[in-house]
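Notes follow as I look things up.

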Amino acid sequence: MQRIINDPDQLVEETVKGWAKVHRDTVRTTDNARVLAYKDAPVAGKVGIVTGGGSGHEPAFLGYVGRNVVDAVAIGEIFSSPTAQAFADAIKAADGGKGVAVLYGNYAGDNMNVKMAVKMVARDGIEVKTVVANDDVPSAPADQLDKRRGVAGEILMWKVGGAKAALGGDLDAVIAAAQKAIDNTRSIGIGLTPCTIPAVGHANFSIEPGKMELGIGHHGEPGIQVTDLKTADEMAQMMVDTVLPDLPFNSGDEVVVLVSGLGATPINELYVLYNRVDELLAEKGLVIYRPYVGNYFTSLEMMGVTLSVMKLDDELKPLIDLDADAFGFRQFKQD
Amino acid sequence: MRAITNADGQPVVQALIDVIKANRDHLSDIDGLIGDGDHGVNMAKGFAMAEARLAGGTVSMAEAMDTLGFILMSEIGGSMGPLYGNLFIDMAATVKNVERIDAAAFGAMLKAAIGAIQELGEAKVGDKTLMDTLVPAEAAFAAAVAEGKSFDDAIDAMSEAAEKGKDSTRDLVAKIGRSSRLGERSRGVLDAGAVSCYLLLSTMGAAVKERLTDA
């Protein structure tokens with residue numbers, strides 16, 4: 001294992017410490033070492049936005065803490081849900097008196113810890129509502145949406161929910177907007193190599209050289225098809241062919257497109273893939289309102305890529321457009 | 001009445017800590033086959049933290065168990081932190097004010113353990129989870145007591161059922177949690193949670209049995 005680490009058991013602690021030092025323009029530490037907050041959180045009179053999840057997906061989840069996005073984040077071990085205590089402390093850090101929206105991904109551990117956290121903060125009189133992201137198309141059939149995992153589409157959910165809260169939406173409005181964002185989003189990943197949790201020391205799944213796995217999950221969960229390695233254009237075709245019919249997206253729809261690397265993919269290759277995705281969507285008559293390409297949601301050092309597409313409407317467009325100042329999502333109006 | 005004195009029961013919790021620490025790598029290896037390979041590591045971390053918290057003092061079995069549960073809940077994330085955390089907190093709560101824990105009180109603890117898991121998830125027997133160990137173990141204990149068997153014999157029945165339940169997960173397809181994504185590929189391997197649950201129940205049973213008195 002060729003990695004830049006000290007004691008693997010201290011990896012997350014050291015990551016968070018370093019992160020807080022670098023990104024002090026947007027985040028602050030809290031009494032809980034596994035919770036980071038927006039530097040100005042809680043924002044009085046604003047619905048608080050909380051997320052959380054396992055580490056190893058950087059810049060998710062902590063990178064989305066910042067102005068107009070997420071107010072506080074609960075940080076777990078590598079690929080493992082944060083504790084109930086961390087979610088509870090993040091909720092408290094984000095609570096500006098108008099309730100807190102916890103926007104997270106559909107994983108068993110996260111579901112349980114958020115449930116316990118909501119119970120814990122109820123004693124403090126904090127009103128909490130949740131949206132559980134389930135944008136990963138290959139993780140379950142269309143008739144079992146509640147079984148699907150949350151993947152990179154979560155970013156668009158945080159962007160929309162955070163913007164709605166920043167614009168003064170109440171808790172129900174923020175929850176409704178975030179729910180709409182994820183309901184309108186479909187994602188898929190392709191993995192080319194496995195990844196290794198340092199404390200484990202070896203990969204716990206394998207992808208043979210010369211092969212790739214379509215539909216792979218963010219922790220190496222099996223996909224829907226293992227095939228010979230394809231060209232970037234062929235990958236784009238397979239991804240688009242899976243994602244578009246699922247919502248479905250129709251000609252004339254305006255969409256946000258998010259292409260994320262999984263950690264080891266050279267950034268330029270993400271643009272090669274995007275180039276073809278853009279053509280394919282245009283052929284289908286989709287109008288690309290905003291494209292995002294980069295390492296938005298990774299899986300340690302996995303070689304691979306995810307594609308997320310979100311269908312917009314008149315409510316979602318201004319929420320996507322609103323300024324955002326988080327390390328993982330920084331966007332300002334251009335005059 | 002055959003029972004264990006609550007105030008003398010801290011060593012029972014220490015036995016749970018010891019068995020999890022001793023099986024750290026074993027549990028992680030099982031988990032690595034169909035999960036992410038961190039079950040033993042995370043469990044051992046939490047149980048060791050509880051050991052440190054309990055070190056030097058003497059508390060009752062209920063208090064020690066509550067401390068263990070609280071630490072698992074607050075320090076260990078993933079699925080196992082809340083599941084085992086809630087389980088031990090609720091088990092402890094049922095005997096908090098009980099001086100002598102008899103078969104009826106122990107049976108109530110086992111029922112509370114099942115309730116604690118059900119509060120958090122939908123897992124049922126057959127889903128390849130720790131419930132495949134816990135549910136038959138509780139049922140066997142209750143049945144033995146109902147048949148008029150001794151507390152000692154009921155504990156043996158519980159441990160035997162826990163072991164069978166744990167072994168039953170080998171032929172099951174995971175329906176819940178991360179390994180459920182594997183579908184048929186999860187068959188043929190034990191569930192790590194079912195194994196840790198078996199280790200905890202059988203160790204608890206043996207440690208309680210050693211301390212039963214007729215006083």
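This is a predicted model: local features need pLDDT of at least 70, side-chain atom pairs count only at pLDDT 80 or more; totals for chains, interfaces and linings use all residues.

Looked up Lys128(B) to begin with: I find it in the loop between helix 6 (103-120) and helix 7 (131-146) of chain B. Helices here are DSSP runs of H or I with at least four residues, strands are runs of E with at least two, and both are numbered from the N terminus. Phi of Lys128(B) is near 65 degrees, a positive value in a residue other than glycine. Is Lys128(B) buried or exposed? Lys128(B) counts as buried because it has 28 C-beta neighbours inside 10 Å. The cut-offs: buried is 20 or more other C-beta atoms within 10 Å of the residue's own, exposed is 12 or fewer, partly exposed is in between, with C-beta atoms placed from the backbone.

Residues are numbered from 1 along each chain as its sequence is written, with chains lettered from A and ligands numbered from 1 in the order in which they are written.

Moved to chain A for Asn68(A), which sits in the loop between strand 4 (66-67) and strand 5 (72-78). Its phi is positive too, near 70 degrees, and it isn't glycine. I get 23 other C-beta atoms within 10 Å, so Asn68(A) is buried.

Then the cis peptide bonds. One joins Ala41(A) and Pro42(A), omega about 0 degrees; Pro42(A) is in the loop between strand 2 (35-38) and strand 3 (48-55) of chain A. Another joins Leu247(A) and Pro248(A), omega about -5 degrees. I place Pro248(A) in the loop between helix 6 (232-243) and strand 11 (254-261) of chain A.
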